[in-house]
Amino acid sequence: MLQLDSVDLPESAERVRHEVREFLRAERDRLPRPCSDFASGHDPEFSRRLGERGWIGMTWPKQYGGGERTFFERYVVTEELLAAGAPVSAHWIADRQSGPLLLRYGSEDQKNRYLPPITRGESYFSIGMSEPNSGSDLASVRTTAERVGDQWRINGTKLWTTDAHRNHYMVALVRTEPPSENRHAGLSQLLIDLRNDGAAVRPIRNITGAEDFNEVVFEDVVVPADRIVGEPGNGWKQVTSELAYERSGPERFLSTFRVFVELVRAVGTQPTADQAAAIGRAAAHLMTLRRMSISVAGMLEAGKSPEVEAALVKSLGNDFEQALPELARSVAPTAPVAEGWDRYRETFVESLLNTPAFTLRGGTREIMRGVIARGLGLR
Amino acid sequence: MDTRKLLLESAERIFADHCDKERLESAEGGAFPEKLWGQIEENGLHMLAMPESGAELGDAFALVQLGGRHAAPIPLLEVTLANRWTGDAGRFVSLGVVSGERIVDIAWGRRADAAIGIEPGGEALLVEVDADIEHRVNPSGEARDSIEIRQPRTLDIEDPAWELFALGRTAAIAGCLGRVLELSVQYVNERQQFGRPLAKFQAIQHSLAIMAAEVAAASRAAGSAIDMLGTANPERFALEVGVAKARVGEACGIVAPIAHQVHGAIGFTHEHQLHHFTRRLWSWRDEAGSERYWQERVGRHVAGLGAERLWEFVTAPNSLRS
Ligand SMILES: Cc1cc2nc3c(=O)[nH]c(=O)nc-3n(C[C@H](O)[C@H](O)[C@H](O)COP(=O)(O)OP(=O)(O)OC[C@H]3O[C@@H](n4cnc5c(N)ncnc54)[C@H](O)[C@@H]3O)c2cc1C
């Protein structure tokens with residue numbers, strides 16, 4: 001029914017893998033962080049070095065600083081970085097989502113202006129979708145942008161905006177026409193300069209103690225008319241077109257991969273039967289998920305928009321990465337009982353505390369299941 | 001690949017014609033489905049794994065997967081592999097597993113001229129079948145007979161017999177899982193309660209979404225292991241089979257209960273066809289190594305490699321294929 005075809009990574013992708021591994025060996029002092037979550041290490045210096053290597057905007061046209069490489073090559077770069085626990089969050093959204101959005105819907109001016117700095121690892125983007133009263137029901141956003149002369153005047157509040165306090169821009173989903181019968185009509189996307197437009201950014205502490213997401217308040221914030229992305233009123237279509245990119249990548253199942261690594265280290269070469277089974281089980285899930293994700297990369301490469309397949313990979317992948325610390329814990333006690341286990345414990349705790357976010361961000365588990373059900377013809 | 005598609009299309013017609021509820025029951029009652037088997041033989045579908053057939057080995061496994069979709073009550077996998085190893089499709093030779101002094105779990109051993117017993121990870125022994133064969137069935141009512149090992153002949157084969165056997169069961173499970181999903185989707189669209197189809201209830205939608213994800217994972221896992229046939233590295237092949245068998249086995253334990261839940265009481269009746277598929281899932285996940293068996297095997301290997309080589313293991317390219 002929902003079929004994920006067999007896709008082999010081409011030679012070119014395996015060559016890139018080799019280069020990334022070499023590069024990562026030289027970055028040892030930054031690696032690995034205990035948590036391989038894509039959203040948990042903001043390091044502009046590191047992002048710039050990736051930019052130098054041509055590993056940001058890899059699939060984009062050269063004209064805008066891109067590498068005109070395949071989705072498979074990009075796939076390999078992203079999975080290698082995540083698995084190594086590299087700090088990639090600064091450029092992540094710009095590379096994965098905002099850049100491709102601009103490429104597809106942005107004006108020539110916007111592409112020339114915003115894309116090259118992204119590919120250099122110097123310009124970072126945030127996603128401005130959620131609001132206090134609009135989470136899963138994204139079409140209900142209330143932030144408005146009103147056209148006044150050759151400007152947009154913005155009022156409202158965006159919430160949970162990851163890294164708005166560190167990044168340069170936000171692509172905000174706003175209402176440019178009053179709500180009507182068709183709730184998906186009248187929405188638009190605007191580029192906000194988070195440092196210069198006058199939006200008030202307030203970090204919000206999360207359960208790990210970190211300040212990663214934010215509240216962003218717009219009170220009569222005025223931006224030039226040319227900040228609109230695509231056509232006014234086309235926002236819903238544009239937002240949903242980002243989803244296949246947003247949902248199918250390796251960041252949807254590798255967030256706790258470092259726990260797996262430390263589990264293998266902790267149990268050593270003579271695992272008990274239960275420990276071996278847990279490791280084998282995790283490997284079976286991980287290897288299968290990875291192949292499913294590569295299959296979706298193949299669809300993206302072929303120019304398709306596999307929204308349902310992406311939701312399926314995200315859903316299954318999030319469940320896996322959320323369950324992995326629990327699985328580890330069931331066969332290797334997390335109390336520091338022996339020499340060398342501190343690293344395991346640190347990785348475990350840091351990953352565990354992040355697990356609730358996996359099945360929320362980027363569309364909740366329930367929303368993913370709804371998308372899959374639609375793909376099955378049930379709704 | 002095109003020839004595989006053609007092959008599967010014609011096989012689909014054969015299975016669809018011969019695997020209705022009545023015939024599944026008759027086979028379960030102990031009557032070998034001679035008509036269906038006659039079609040298989042006539043079309044040479046039991047010879048696809050023999051080098052002289054000209055088919056790719058993967059074709060044979062794709063066919064077994066299709067057989068699983070239809071719960072085809074024949075020893076297709078077993079005879080296909082036996083023919084490859086004996087080189088003689090003229091005799092009906094089936095497969096089972098060596099257990100102490102016996103070969104057990106021989107698919108339709110009572111119909112066979114001879115049986116090959118596989119030792120997990122070890123040798124394969126050929127034994128002639130005689131009247132002493134004991135009739136047994138697995139939980140889905142499939143003939144799984146047993147015979148004492150007398151005057152065995154050790155087969156001189158290069159194939160990893162146990163792993164190929166496990167790969168075949170993996171493929172059949174993947175096919176069968178797909179069918180269970182289809183039956184469930186169809187049923188919830190038809191059955192009405194509270195004035196609307198069950199499909200319109202979110203709880204039902206989410207159950208089927210979970211099922212669909214498991215089925216897609218199982219199908220990808222099985223497909224990837226089939227793709228590894230012919231790899232130059234036998235150890236890697238064994239581990240890939242293990243990954244796949246473990247993954248599809250786990251899917252069985254999630255998919256079958258959901259299928260029964262959404263079918264309600266009708267799905268618990270013998271009259272309904274669902275159990276022919278779900279009982280096979282429950283049977284097959286334990287045959288050729290349960291998920292626990294394969295998880296341990298893969299896990300021991302990974303632990304032996306150590307933490308620093310885990311990622312390398314996960315990402316090893318399929319181009320290890322020769
Ligand atoms: C760490 C983190 C980072 C984030 N970063 C960003 C960001 O950068 N930019 C951004 O725009 N947003 C971001 N988000 C917000 C995220 O997109 C939302 O949390 C998500 O869309 C859910 O919205 P909500 O939190 O308002 O929950 P709600 O929508 O209120 O949902 C609460 C619960 O109810 C369930 N639910 C809701 N509707 C239904 C329904 N119809 N049927 C069944 N169940 C339902 C949900 O699945 C969930 O379990 C982030 C969230 C987190 C946790």
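The buried residues of α5(B) are Leu76(B), Leu77(B), Glu78(B), Val79(B), Thr80(B), Leu81(B), Ala82(B), Asn83(B) and Trp85(B), where buried means under 20% relative accessible area (exposed is over 50%, partly exposed in between; 1.4 Å probe, protein chains only). Nine of the eleven residues of this helix are thus buried, so α5(B) is largely enclosed by the rest of the structure. Helices (H or I, at least four residues) and strands (E, at least two) are DSSP runs, numbered from the N terminus. Gly87(B) follows α5(B) and has a positive phi, near 70 degrees.

The model is predicted: local features need pLDDT of at least 70, side-chain atom pairs count only at pLDDT 80 or more, and totals for chains, interfaces and linings use all residues. Residues are numbered from 1 along each chain as its sequence is written, chains are lettered from A and ligands numbered from 1 in the order in which they are written, and side-chain values use heavy atoms, with hydrogens and water left out.

Helix α9 of chain B, residues 274–284, is also mostly covered, with ten of its eleven residues buried. Among them are Leu274(B), Phe277(B), Arg279(B), Arg280(B) and Trp284(B). The cover over the buried residues of α9(B) includes α2 (21–28), α4 (57–69), β5 (144–148), α6 and α8 of chain B.

Chain B is divided into domain 1 (3–154) and domain 2 (161–315), the bounds coming from an automatic or database domain assignment. The C-alpha centres of the two domains of chain B lie 21 Å apart. Their contact (heavy atoms within 4.5 Å) takes 30 residues from domain 1 and 29 residues from domain 2. The buried area between these domains is about 2,700 Å², of which carbon and sulfur atoms give 61%; buried area is the accessible area (1.4 Å probe) that two parts lose on being put together, summed over both. Phe61(B), Gln65(B) and Arg69(B) supply 23% of the area that domain 1 buries against domain 2, more than any other three residues.

Across the domain interface of chain B there are five salt bridges, each a side-chain nitrogen of Lys or Arg within 4 Å of a carboxyl oxygen of Asp or Glu. Arg69(B) forms a salt bridge with Glu182(B) through their side chains (2.7 Å, N to O). On the domain 1 side, the elements that give two or more residues are α2, α4, α5 (76–86) and β1 (93–99) of chain B. The largest share of that side, seven residues, comes from α4(B).

The contact between the chains takes 49 residues from chain B and 50 residues from chain A. The area buried between chain B and chain A is about 4,300 Å², with 64% given by carbon and sulfur atoms. In chain B, Arg220(B), Trp311(B) and Val314(B) lose the most area to chain A, together 16% of what that side buries. Four salt bridges are counted between the chains. In one salt bridge, the side chains of Glu240(B) and Arg291(A) meet (3.0 Å, N to O). The elements of chain B that give two or more residues to the side touching chain A are α6 (161–190), α7 (202–227), α8 (234–263), α10 (291–305) and α11 (310–315). Of these, α7(B) gives the most, with 15 residues.
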